[in-house]
Amino acid sequence: MAISPNSFRTGPDERGHFGLFGGRYVAETLMPLILDLEKAYGEAKADPQFQGELNYLLAHYAGRPSPLYFAERLTKHLGGAKIYFKRDELNHTGSHKINNVLGQVLLAKRMGKTRVIAETGAGQHGVATATACALFDIPCVVFMGSVDVARQAPNVFRMKMLGAEVRPVTAGSSTLKDAMNEALRDWVATCETTFYCIGTVAGPHPYPAMVRDFQCVIGNEVRKQIMEMEGRLPDTLVACIGGGSNAMGLFHPFLDDKGVRIVGVEAGGKGVETGEHAASLTGGRPGVLHGNRTYLLQDKEGQITEAHSISAGLDYPGIGPEHSWLKEQGRVEYVSATDDEALAAFQLLCKLEGIIPALEPAHALAHVTKLAPKLPKDNLLVMNLCGRGDKDVFAVAERLGMQV
Amino acid sequence: MSRITKRFEKLKADKRAGLVIYISAGDPDLASSYEILKGLPAAGADVIELGMPFTDPMADGPSVQAAGQRALKAGITVDATFDMVRRFRRETGDGDTPILLMGYYNLVYQRGAERFCKAAAAAGVDGFILVDLPPEEADELKPHATAHGLDTVLLTAPTTDDKRLPAVLKYASGFVYFVSVLGITGTKSATEDAVRSHVARLKRHTKLPIAVGFGIRTPEQAAAVARHADAAVVGSAIVDRVKAGLDPSGKPKPGLTAGVLADVTALAAGVRGTVKA
Ligand SMILES: Cc1ncc(COP(=O)(O)O)c(C=O)c1O
């Protein structure tokens, strides 16, 4: 294993690499556009006016800061660590996705782009993008696997109400990976006018770094809030991982705080040992897909295999490249939770705390229910409750054999 | 001198442009795919691009996507692709027609660039076109390709401006593939005017031959490109012809190979009947 760097927060390098991972593996047609985007983002990042506009929207439109909430009943129930939730499910549109989308759509406007496209799995990123595009009056097309269109119907309707066009994708497994392929295909044909708003810390450089930067508002707020409430930093951080954006947003500001244990929870599907899962770091190996090198679910040849998860937002055979790097550095622990464990956690949270979580953070919660009882009572654990479960009620009802 | 360079020198001596034909290895099945490959030179293909099917072909339109899926279903692998080329060289005795592997980088990366290049060269492959490996990431492959005498054909696009071109051309050998439209394979076609001006622009930057592809379907379109470029590339139209030769269950109907090769012959006639402008 490599020697620990002085800081885990300096990546990527100027070519977009986090060690072996990341990079810009895209068709030449897109390459000049990606270089443009990198430049434009660099300028926006340093521009106080851009940051001011974004902060204004985060506060007054999205409703930030989101609360840090002490989950007292859950803490008692589990009998170990003191559990806090970062309540990003209370953001406008119901998840952390809006943090990133407001940044990217502002950037699209600044770059003079006249159309925005996005891929979506659970539909949360699609809804957030449709929302920001409505606000800024920009035409919006969202690509969504046809399997996800069916299992996240409420979000499809929301996107349509918000004026976006939803294009169901029937190629491959008809889930998030295929939606991303289709968005990239659209982008190659329209790149001069169209901004591709990627929903997670994946894709070619600069997306992994840019989306991370926009999501870091989560962790930055947690640092401040926990200092106010407890007078010290947390001991443990837990977040679920699809592409890894909500997790990176929580983790990144704490990466250099050695005393903070950090745990990412991938979707274990029917169990990693069954092969039907979406745990790229646990069950995959490095490869190249969607513009970057990262851990991927693939066969011996390098053909990408289909992911499986009850949660549409985690159903992706890859993961953001910075997570792959953090795994190899040993800075972050990556574990998995199965469909059934997530379903149990989903129900537990409804009953104990009166919060209906999205199925994605229900995976993080499933791990918390295993981890917290083993930790001392003074261990401060912060879990990112990154989305609310309204979108999932039909899918969960079906799984539980209930009629809605 | 590489087989690719030799072939383009010959075309130059013959004062005509070449025809580059793309097929997906293993489409619709390994045996039929080999039969088509074997017949391509006699039908008039000057250069062959043998696609390596990938589950997630992000730069390809519906035709090539479907071809890749047929091939994957039929069990195509990288080794089977190498075998096709090896068998082609052995059985046809054709040591002149260049064969390039075209596809996505992950299949190369999983085997390791060095091992991949070694095996490809040993099988009789002449070079690569890797759609998602821009010059920025090509360092990993280029030294091994060079060591094994393999050309790296890079793509240029209408968005590759004069400022960027030198960086791309630095890694290019064999020929330069100009993607004539903004988009994926098999969708739009460029106008003859656009082809002319882009080829002229590229010629100012490189002495390498220029092949133009994307959206060329008919002998007339191929002829129009052949007036200005050193070669015309046809892919989606060919794999569509493969599909048309299948019965509803996906099995080849009699005459599949002959039908595909007849289309290649017609395209070749278009290219060969054209005097370069
Ligand atoms: C609520 C919620 N959480 C998590 C995710 C997974 O994405 P990421 O890992 O990028 O946070 C999604 C994606 O749709 C989501 O909707």
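Chain B and chain A bury about 3,000 Å² between them, and 49% of that is on carbon and sulfur atoms. Buried area here is the accessible area, taken with a 1.4 Å probe, that two parts lose on being put together, summed over both. On the chain B side, D56(B), M58(B) and E137(B) supply 20% of the area buried against chain A, more than any other three residues.

Some ground rules. This is a predicted model, where local features need pLDDT of at least 70 and side-chain atom pairs count only at pLDDT 80 or more, while totals for chains, interfaces and linings use all residues. Residues are numbered from 1 along each chain as its sequence is written, chains are lettered from A in the order in which they are written, and side-chain values use heavy atoms, with hydrogens and water left out.

Back to the interface. The contact (heavy atoms within 4.5 Å) takes 38 residues from chain A and 39 residues from chain B. How many salt bridges does the rule find across it? There are four, a salt bridge being a side-chain nitrogen of Lys or Arg within 4 Å of a carboxyl oxygen of Asp or Glu. One of them joins the side chains of R111(B) and E301(A), at 3.7 Å, N to O.

Which helix of chain B gives the largest share of the side that touches chain A? That is helix 5, with six residues. Helices are DSSP runs of H or I, at least four residues, numbered from the N terminus.

Last, Y177(B). Leaving aside neighbours within four places in sequence, Y177(B) is in contact with residues including E49(B), M102(B), F214(B) and V233(B).

Methods: Helix = DSSP H or I, 4+ residues; strand = E, 2+ residues; numbered from the N terminus.
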